[in-house]
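Visitor: I am new to this structure and would like to learn how to read it. Could you take me through it step by step?

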Amino acid sequence: MNKKKIILFAVCLAGLLAIQIKFFLPWMYDIAASDLFLVESKDNANPMPISNDMTAIAFTQCNSYVNSKIDPETTASFASQPTNAWSIGNYEYIINAEVDISSKEAPSTIYHYVCRIQYANGDDLTGATDINNWSIEGITGLPDL
């Protein structure tokens, strides 16, 4: 009886793998290749670091976010421009920058942070300077503020 269970288990496992390989995988590839996940905008992704008006505004918004998260007894001095900035398409940007954070208890420390930020209004750039039109998708490299 024990050998029959092992053989039955192996046959069922092989059947499940065959179904997955022959039916589900091609179906998932077709879905991934379709326009289902396509987002069309005038902002194209760029694998190289860039500097334009939108990356400058994204940098300013990331700095504003960091500044809003520090406590009142801590001061932050931001660089005048980001170290690198990338457009990953659909008005979403990755900003790499430095901030010098100092407090009364601790000496001044320079942190290199990365901020992923997205502009919410798409191709309508009239509200690009309004912080309410931006959302921080993630930030890393900073101490717990």
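Guide: Gladly! Let us begin with a rule for helices: the expected span of a helix is 1.5 Å times one less than its number of residues. Helices (H or I, at least four residues) and strands (E, at least two) are DSSP runs, numbered from the N terminus. This is a predicted model, where local features need pLDDT of at least 70 and side-chain atom pairs count only at pLDDT 80 or more, while totals for chains, interfaces and linings use all residues. Residues are numbered from 1 along each chain as its sequence is written, and side-chain values use heavy atoms, leaving out hydrogens and water.

Visitor: What span should helix 2 have, and how far apart are its end C-alpha atoms?

Guide: Helix 2 covers residues 53-69, so its 17 residues should span 24 Å. Its end C-alpha atoms are 25 Å apart, which agrees.

Visitor: Which elements does the whole chain have, and in what order do they run?

Guide: The protein chain has two helices and five strands. From the N terminus on, the order is α-α-β-β-β-β-β.

Visitor: Which residues of helix 2 are buried?

Guide: Buried means under 20% relative accessible area, exposed over 50%, and partly exposed in between (1.4 Å probe, protein chains only). In helix 2 the buried residues include Met54, Ile57, Phe59, Cys62 and Val66. A contact means heavy atoms within 4.5 Å. The buried residues of helix 2 pack against strand 1 (74-78), strand 2 (84-87), strand 3 (92-103), strand 4 (109-119) and strand 5 (134-140).

Visitor: Is aspartate 35 buried or exposed?

Guide: Aspartate 35 counts as exposed because its relative accessibility is 59%. Its place is in the loop between helix 1 (2-33) and helix 2. Aspartate 35 and isoleucine 139 are 104 residues apart in sequence, and their C-alpha atoms are 30 Å apart in space.

Visitor: How many bridges join strand 3 to strand 4?

Guide: Two strands pair if DSSP finds at least two bridges between them. Strand 3 and strand 4 have ten, in the antiparallel sense, and asparagine 96 stands opposite valine 114 in strand 4. These two strands form a hairpin with five residues between them.

Visitor: What other pairings does strand 3 make?

Guide: Strand 3 pairs with strand 1 over five antiparallel bridges; there, serine 77 has aspartate 100 of strand 3 as its bridge partner. Strand 2 also runs antiparallel to strand 3, with four bridges, and serine 87 is partnered by tyrosine 93. Strand 2 and strand 3 form a hairpin with four residues between them, and glycine 89 in the turn has a positive phi of about 95°.

Visitor: What is the radius of gyration of the chain?

Guide: The radius of gyration is taken over C-alpha atoms, and the globule rule is 2.2 Å times the number of residues to the power 0.38. A compact globule of 145 residues would have a radius near 15 Å, but this protein chain has 24 Å. Its C-alpha atoms fill a box of roughly 75 × 45 × 25 Å along the principal axes.
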